[in-house]
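Hi everyone, thanks for making time for me today. I'd like to walk you through one protein model, step by step. Here it is on the screen.

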Amino acid sequence: MNCREISQSFSVFKCWVVVCTNQRNRESLIYICKVGCCFVKKLTMALSDSDVKKQAEEEFNIEKGHLVQDQRVKIMQYYEKKEKQIKLQKKIQSSNMLNQARLKVLKAREDHIRNVLDEARKHLGDLTRDQSQYQKILHRLIVQALLQMLEKEVIIFCRQQDFIVVQNSVTPALEEYCKTTSMDCKVVVDPENFLPSDMCGGVELIAQRGKIKISNTLEKRLEMISQKLLPDIRTALFGNNSNRRFMD
């Protein structure tokens, strides 16, 4: 008798017990009890040690399979999580390296632009060597500052070595200012206070006791022009930026 037959016989025995219990038949119950005892004895004799070991081994293998499958799933989930973390770390590292490389390129470009502007600043001093040309420049700088201020009294500061050239430029500058605005203005070149001699040149104008000040030195003009022309300077040095959508 194998395990399947024992299971079927036990199911039939259970059905008999249920039927007899429902009918409340004493003789039938006694009979069923005797049959049950015989069934147990027969079952005990039928189940040998080898069958018990075999059944226990089957149950053990089934349970072991469940445990192995559960642990396999857990291990797979663990390594999938680790793989995702490694991929994310690689992406972050790659992004950081790319950003660092971009910053280095931008810094190198800015340093190059700064060197170009420094070189241009060194050549500003060449403008003062030609006195006639430099006087025309001072004339335009003074007229521009006067038109911005529109004041009746103005004081001009300049370098000590430019004092005479600035004085010679004041009269024609005033004539052009009066002709343009139909306004009178008193302009004085300060003979005591001068701009630093290491400056490249130009003038500074003040009015209202220093409340209004316009700096039209050559350095300031270069700074203004360089900020305005900075996109053109970048294009001339490094070419057009392919990532730039708007050129205005």
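Starting at the N terminus, the elements of the protein chain run α-α-α-α-β-α-β-β-β-α-α. That gives seven helices and four strands, where helices (H or I, at least four residues) and strands (E, at least two) are DSSP runs, numbered from the N terminus. This is a predicted model, in which local features need pLDDT of at least 70 and side-chain atom pairs count only at pLDDT 80 or more, while totals for chains, interfaces and linings use all residues. Residues are numbered from 1 along each chain as its sequence is written, and side-chain values use heavy atoms, with hydrogens and water left out.

Of the 248 residues of the protein chain, 24% count as buried. Buried means under 20% relative accessible area, exposed means over 50%, and partly exposed is in between, using a 1.4 Å probe and protein chains only.

Let's go inside. In soluble globular proteins, nonpolar side chains tend to be buried together. Here, the largest nonpolar core has 30 residues. Such a core is a set of buried Ala, Val, Leu, Ile, Met, Phe, Trp, Tyr and Cys residues joined through side-chain atoms within 4.5 Å. Which element gives the most to this core? The answer is α4, with nine residues. Leu-146 is one of the residues with the most contacts inside the core. Not counting residues up to four places away in sequence, Leu-146 touches Val-154, Leu-174, Tyr-177, Cys-185, Val-187 and Leu-205; contact means heavy atoms within 4.5 Å.

Asn-216 lies in strand β4, and it counts as buried because its relative accessibility is 2%. Its side chain reaches the backbone oxygen of Leu-141 at 2.9 Å. The side chain of Asn-216 also makes a polar contact with the side chain of Gln-144, at 3.2 Å. A polar contact is a pair of N or O atoms within 3.5 Å; within protein, one must be able to donate a hydrogen and the other to accept it, and residues adjacent in sequence count only if both atoms are side-chain atoms.

Glu-204 is found in strand β3. Is Glu-204 buried or exposed? At 15% relative accessibility, Glu-204 counts as buried. Its side chain makes a polar contact with the side chain of Ser-215, at 3.4 Å.

Next, two residues in loops. Most residues other than glycine have a negative phi. Ser-182, which is not a glycine, has a positive phi of about 60 degrees. You'll find Ser-182 in the loop between α5 and β2, and it counts as exposed because its relative accessibility is 69%. Arg-209 has a positive phi of about 55 degrees, and it is not a glycine either. Arg-209 is found in the loop between β3 and β4, and at 86% relative accessibility it counts as exposed.
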